[in-house]
Amino acid sequence: MKQINTTLDFAMNALKKYDILPHIALARADPGTDLFAEAKKNGHLISDVTVSNTGGVHADMFTRHLIQNKEFNPEILNKINVSFHRRAVIVFGLKTLKNF
């Protein structure tokens with residue numbers, strides 16, 4: 001989780017300092033990839049996971065193969081994703097209002 005949080009902090013700081021809009025994409029362990037093979041071998045593969053998409057940005061119409069380990073699972077990562085994007089929208093909105 002430390003690496004994930006470090007990356008999120010970096011992205012948020014880039015928004016605050018350089019107005020770069022951050023985006024998070026959850027890693028998918030697609031069949032045929034090294035990530036899929038390693039996750040399957042180590043028992044970290046979770047298939048057919050439904051990730052909430054209340055924002056309606058897109059709809060996944062395929063089987064998703066995600067990973068979990070001792071530190072996180074797809075549900076935790078989705079909560080982090082939602083929280084981070086909410087925070088980014090607030091920061092971006094405040095920066096926009098400040099410039100008026």
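## Overall layout

Of the 100 residues that make up the protein chain, 25% count as buried. The model is a predicted one, and its secondary structure comes to 3 helices and 2 strands, which follow the pattern α-α-β-β-α when the chain is read along the sequence.

## Helix 1 and helix 3

Helix 1, which covers residues 2–18, packs with helix 3 at an angle of about 15°, and the axes of the two helices are 10 Å apart. Because angles under 35 degrees count as roughly parallel, helix 1 is described as roughly parallel to helix 3. The crossing in which helix 1 passes helix 3 is right-handed.

Helix 3 also holds Asn 81, a residue that counts as buried because its relative accessibility is 15%, where buried means under 20%. Although Asn 81 and Ala 25 are 56 residues apart in sequence, their C-alpha atoms are 8.3 Å apart in space.

Asp 19 is found in the loop between helix 1 and helix 2, the latter being residues 34–41. Most residues other than glycine have a negative phi. Asp 19, however, has a positive phi of about 60° although it is not a glycine.

The structure holds 2 salt bridges. In one of them Asp 19 is paired with Lys 95, and the closest N and O atoms are 3.0 Å apart. This pair links distant parts of the chain, since Asp 19 belongs to the loop between helix 1 and helix 2 while Lys 95 belongs to helix 3, 76 residues apart. Asp 19 counts as partly exposed because its relative accessibility is 45%, and Lys 95, at 22%, counts as partly exposed as well.

Another salt bridge joins Asp 30 to Arg 28, with the closest N and O atoms 3.0 Å apart. Asp 30 is partly exposed at 24% relative accessibility, and Arg 28 is partly exposed with a relative accessible area of 39%.

## A nonpolar surface patch

Which residues form a nonpolar patch on the surface? They are Ile 90, Leu 94, Leu 97 and Phe 100, which together have about 530 Å² of accessible area.

Leu 97, one of these residues, lies in helix 3, which spans residues 74–98. Leu 97 counts as exposed because its relative accessibility is 60%, and exposed means over 50%.

Definitions and conventions:
Residues numbered from 1 in each chain as written. Predicted model: local features only at pLDDT ≥ 70, side-chain atom pairs only at ≥ 80, totals over all residues. Heavy atoms only, no water. Patch = residues over 30% accessible without salt bridge, like charges linked within 9 Å, V, L, I, M, F, W, Y side chains within 5 Å. Areas by Shrake-Rupley, 256 points an atom, 1.4 Å probe, with all protein chains shown as cover. Salt bridge = Lys/Arg side-chain N within 4 Å of Asp/Glu carboxyl O. Helix = DSSP H or I, 4+ residues; strand = E, 2+ residues; numbered from the N terminus. Buried < 20%, exposed > 50% of the residue type's maximum accessible area, 1.4 Å probe, protein only. Axes fitted to C-alpha atoms, helices over the stretch in contact; angles between N-to-C directions. Parallel < 35°, antiparallel > 145°, perpendicular 65-115°, else oblique. Left-handed = near helix turned anticlockwise from the far one by under 90°.
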